[in-house]
Each structure stands twice: as C-alpha cells, then as structure tokens.
Amino acid sequence: MKAGKEGEGYVIDPNVYSLDPVPLQTKEQNRIYPFYEHLKRGRLTTTQCSQCDHISWPPRIVCPKCMSDQLDWVDFPDVGRIYAYTVQTAGNPPGFPSPLIYALIDFDNGVRIISPVVDCKPEEVEVGAEVVLKVVPAPKDRVLFFFRLK
C-alpha cells in the first residue's frame with residue numbers, strides 16, 4: 001500500500017514488520033484514539049485542560065501541569081511556521097525517503113511540535129516558512145501526519 005499519490009516518495013510497506021512506524025489507533029488499543037479519528041477527517045488536534053487551560057502536545061489523558069483528567073479536544077491552527085529544521089540522510093525508518101526533513105513547527109496556540117516536512121526538497125525549506133497539515137493513509141486503516149510547505 002502506498003501512502004499518498006504515486007511518486008510522492010514515501011511508501012509504507014505493509015509487509016515490513018521489523019518496525020511498524022504507525023501507532024495502533026483504535027479505541028481498544030489507544031486511549032487517545034480521538035486524535036487519530038480527527039486526523040482521518042483532516043484535523044490536527046490535541047488536548048487542553050478544562051481546569052488550567054494548558055494545551056498539551058502530544059495529546060494526553062492527564063494534564064501534565066495540574067494533573068486533572070478533565071481534558072477537551074481542541075484544533076490546531078491551520079498554518080504553522082518552521083522554527084528550525086534538519087535533514088536526515090541515513091537511518092531513515094523503513095518506507096521513508098532519504099533525505100527526510102524534520103522541522104520544529106510553531107503554532108499560534110503556543111505549541112511547538114516536531115514533524116517531517118514532505119513534498120519538497122531540502123533546499124526549498126527555510127526557517128520561517130509556513131506549513132500546513134498533510135494526512136496520508138497507512139496500512140490497516142491507519143493514518144500518518146506530515147506537513148508540507150504552504
């Protein structure tokens with residue numbers, strides 16, 4: 001099964017079992033399964049504490065700031081901005097291309113995440129560039145998320 005369109009450069013092979021880079025994403029297997037359900041609908045979400053308003057990344061089941069379990073799902077802003085990036089040319093996970101670009105991405109909600117940036121060449125990436133979410137299918141009815149340049 002190919003993730004994304006033909007020729008996009010990343011392929012998650014369902015026959016590669018030495019390392020499965022895709023988390024289990026169902027209610028029976030994962031306590032933050034709503035995150036994956038939102039991704040399948042093209043939404044990047046995380047949890048926000050209803051007691052202290054702390055926004056967590058990655059999503060949590062307990063607030064790391066006040067230890068409350070009263071968390072709500074909130075959407076990320078549609079656009080993020082690259083704070084810093086690096087290019088990995090060796091040791092990439094099976095099915096991922098080389099080079100692989102990783103970026104620290106800042107969002108207006110105050111959260112910074114790390115994620116691959118896809119569908120571009122390393123020389124096209126720069127600090128301050130805007131990025132948007134890209135969700136791709138993965139084997140066994142799962143999804144992965146990346147970002148692409150806006």
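Begin by selecting strand 4 (residues 79-88) and strand 5 (residues 100-106), which run antiparallel and are joined by seven bridges; strands here are DSSP runs of E with at least two residues, helices are runs of H or I with at least four, and both are numbered from the N terminus. This is a predicted model, in which local features need pLDDT of at least 70 and side-chain atom pairs count only at pLDDT 80 or more, while totals for chains, interfaces and linings use all residues. Residues are numbered from 1 along each chain as its sequence is written, and side-chain values use heavy atoms, with hydrogens and water left out.

Within this pair of strands, pick I82, whose bridge partner in strand 5 is I105. Then widen the selection to the barrel, which five strands close in the order 4-5-6-8-7 with mixed pairing, where two strands pair if DSSP finds at least two bridges between them.

Next, select helix 1 (residues 33-40), which lies across strand 7 (130-138) and strand 8 (142-149) and runs at about 60 degrees to strand 8; the axes are lines fitted to C-alpha atoms, for helices over the stretch in contact, and angles run from 0 to 180 degrees between N-to-C directions.

Now turn to the aromatic rings, of which the structure holds nine pairs; rings of Phe, Tyr and Trp (its six-membered ring) pair if their centres lie within 6.5 Å, and planes under 30 degrees apart count as stacked, over 60 as edge-to-face and the rest as tilted. Show W57 and F145, whose ring centres are 6.1 Å apart and whose planes stand at 85 degrees, so the pair is edge-to-face. W57 lies in the loop between strand 2 (55-56) and strand 3 (71-75), whereas F145 lies in strand 8, 88 residues apart. W57 is partly exposed, at 22% relative accessible area, whereas F145 counts as buried at 18%; buried means under 20%, exposed over 50%, and partly exposed in between, with a 1.4 Å probe and protein chains only.

Where does the charged end of R112 sit? The charged end of R112 sits over the ring of Y83, 3.5 Å from its centre, the rule being that NZ of Lys or CZ of Arg is within 6 Å of the ring centre and within 35 degrees of the ring normal.

Finish at the largest nonpolar core, which has 21 residues, with L44, I113 and F147 having the most contacts inside it; such a core is a set of buried Ala, Val, Leu, Ile, Met, Phe, Trp, Tyr and Cys residues joined through side-chain atoms within 4.5 Å.

How values were computed:
Contact = heavy atoms within 4.5 Å.
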